[in-house]
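Visitor: Could you walk me through reading a few features of a model? I would like the general idea each time, then the case at hand.

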Amino acid sequence: MGGVFEGLRVLDCSTGIAGPMTTMHLADNGASVTRIIPTARAVASEPRDCPVWDRGKRSAAIDLDTDDGRRLFIGLAAGADVVVETFAPGVTKGLGIDHATLAARNPRLITCSITGYGRSGRHRDRPADDALVAARTGLLHDQKGRRGTAMEYVNGRPGPHPEFDAPEGLVRGADRAGPVFARAPFPSVGAMYNATLGIAAALRAREITGEGQWVETSLLQGALTAACLNWQRVENPEAPLYWMWPVDARSIEGLYECADRRWVHHWTIRPSWVLASAEGDELADVPLGTTYRDDPDRISMEPDGLLTGMFLHPMLADAFKKFPSAQWVEAAERAGVGVALVRWPAEALADGSFVADGCVVEVDDPDLGPIRHVGPVLEFSATPGSVQGPAPRPGAHTADVVAEATMATPSYSAAASARSLAHPLEGVRVLDLGLGVAGPFTGRALADLGADVTKVHAVHDTFWAGTHMGLGTNRGKRSIALNLKDERGRAALDALIARADVVTTNWRPGAAARLGIDYDSLRERFPRLVYCNTRGYEKGPRSDLPGTDQSAAALTGVEWDGGACDAGNPPLWSRSGLGDTGNALLAAIAITAALYHRDRTGQGQAVSTSIVNAQLLCASYAWIHADGTPGDWARGDAQQYGLSPLYRMYRCADDRWIFVASTGDEHRAQLARVVGDDAIAPNDPDKTAATLEARLADRSANDWFTDLDRAGVPVEIVDEEFCRSLFDDPEARAAGLVVETWAGGVGRFEDPGLLVGFSATPGVVQRGPCLCGEHSREILRELGYSDVEIDAMIADRVVLDAPVTR
């Protein structure tokens, strides 16, 4: 069987990053994707976009500014299933190719629009550029973390232990204060996840209703996707368990330089193991003896743990510097500890284990020859995908596409018994067995689409569930807490599985099989089940190692480019990255696509992905030649201002920053008119940067923004306060960008809301975050248990019953 989207016809009218990445996933999984570009670009001298994101597509040159071009496009759309576009708000309506016009001729059409900030509100006409959105939203301030954590900053509080600074010598990326440009395009990657999930959900809804709809997201919503677990405002921020130190700008995060001057990322931090291993003249093999949760010497995640980390940091730094990185990685593998080498992207793409897994592929590019880049990142047991070919030359398929511009019907006929649907995943029951962030955030995404999600906690999960990350990942669910070592707990789990459409987890290899709940054990009894078990790493020698956001960011080059290590800086682990949450969103996309397939065929299947896959997407601008030579992609500067003198941040007289994005000839001319014709030195980027630094430092950020914006220069102020003002912004609340629910312990709970919109089957925030065992009795009653049976299970600690009253 072909890919899960086989037979679908997709028109890609997007530019930038998010749109091409979205349709890349559709093409990788069987859809026929045609990229529509202006005729002026279909010339031999015109450089292509990133050779990664357009792989497997066709390219057709059609001018939508002309009547003939629009007629051709409307004809193509009449036979299409999906249109993806990134026009500014109102442009498609002016061209006569908006969703309403196209859907009038093709009611099954799904149009996905990716804008900068959405169709309404005061931000709607701001430039839809990734770095400019990161600047306007203040996401550039979140890369190194905020002092006291972003949650405390949003709440207007300094955070625990405000009298303490970061430990001496703790440097990440550029050694300077202020916002930093981390190479990964997080707003665009976040928008890509939202768009791809939205399209998959709309396709599933179409199988039920017979109708298409308009799906919308934005780079703003992509930025909120990256920051959503940290940008929270709660009624009681001093609630026990809520505050955690790992996202505090002052905290250690396990990045250490070794004797060979290579860096490793050690997470989660096991200080006793590190110090004991490095005690002698040779690196010793030290067995762990306990799990992280049971380790008496582990660093607590609570406020005192911040101080413990500060105290231990110089000792840990000295220990790692005694031995080369390879020895540390090998010792950690033997002990089952997380230590990953920080690699640059080219090194990651040359990894034979990545290639064997398929998360990195080699294609024969028509201009570049054999190259390697990220491969398909969604895994399906029954409908596997594959890269269908290299990125085409611009306009290579114009003649064929023009010939197809007829009044064809969509690939699939309407459902035989179409019915209405309130939400895309209405009626879908999900059993969430996920751990940490990478697991349960999948369930949150599915709950936002209307699924009935039951979170299965262990009876000892009370700590994690009450933290800001536990609360953020478990919004919209109900919780039952079971002891799966007891046969009565297992029987309750079996009853939950029997009524589930989806089971999702991220357990280590073999753990589910030992309980008899792996896919191979369940598929005979439940052939319609969609089963998802995600991983930390690729399928290979690292499979049994503890996988984390941090280790995957190290291995894939995200931390290397995040800190501008090419320039000699230390690596940087972003506090608003998309590793764990990216893995979860990829899982949600795969699950939703598998439900779409099941609705058409009756067939369930196993799906998967990994944190490594998600991090490879964050660095998917990178590619290498088959011999390992790095490809041509833009690198950040040593001070992490940006990618070039005309695409970077500048500090102004009031110590605030602006970001300028004058990459085209017209914008360069507009910039020169404002700052002086002599400010831009052709072929001398260093002189240009120095001149602009001096001139832009003479006036305030507001003054420069006003003049540059009036002149048409793409520019934004780097707004450190955006995350704080967002929660009281009437427009943001009306648009659902921020939602208010309630959770035990913290009370009122506000966080980023629905990040993808649907015109016919909207998403829904069903309830606030669940705590461990909050709904155990309610769920067991639904399964047919009597109160007497439930009370006995509670008394024997088979079940934790912890109802929360408001």
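Visitor: Is Cys-565 buried or exposed?

Guide: Buried means under 20% relative accessible area, exposed means over 50%, and partly exposed lies in between, with a 1.4 Å probe and protein chains only. Cys-565 has 10% relative accessibility, so this residue counts as buried. Keep in mind that this is a predicted model, where local features need pLDDT of at least 70, side-chain atom pairs count only at pLDDT 80 or more, and totals for chains, interfaces and linings use all residues. Residues are numbered from 1 along each chain as its sequence is written, and side-chain values use heavy atoms, leaving out hydrogens and water.

Visitor: How many disulfides does the structure hold?

Guide: A disulfide is a pair of cysteine sulfur atoms within 2.5 Å. The structure holds zero. For Cys-565, the nearest cysteine sulfur belongs to Cys-258 and is 13 Å away.

Visitor: Which strands form the open sheet, and in what order?

Guide: Strands (E, at least two residues) and helices (H or I, at least four) are DSSP runs, numbered from the N terminus. Two strands pair if DSSP finds at least two bridges between them. Here three strands take the order S8-S9-S10, with antiparallel pairing. S8 (255-257) and S10 (339-341) are the edge strands, each pairing on one side only. From one strand to the next, the twist averages 30°. S8 pairs with S9 (residues 263-266) over three bridges, and Glu-257 stands opposite Trp-263 in S9.

Visitor: What joins S11 to S12?

Guide: A hairpin does, through three residues. S11 (residues 360-365) and S12 (residues 369-374) are antiparallel, with six bridges between them. Val-361 has His-373 in S12 as its bridge partner.

Visitor: How many residues of helix H23 are buried, and what span should the helix have?

Guide: The expected span of a helix is 1.5 Å times one less than its number of residues. H23 (residues 580-601) has 22 residues, so it should span 32 Å; its end C-alpha atoms are 31 Å apart, which agrees. The helix is mostly covered, with 19 of its 22 residues buried. Gly-602 follows H23, and the phi of this glycine is positive, near 80°.

Conventions. Axes fitted to C-alpha atoms, helices over the stretch in contact; angles between N-to-C directions.
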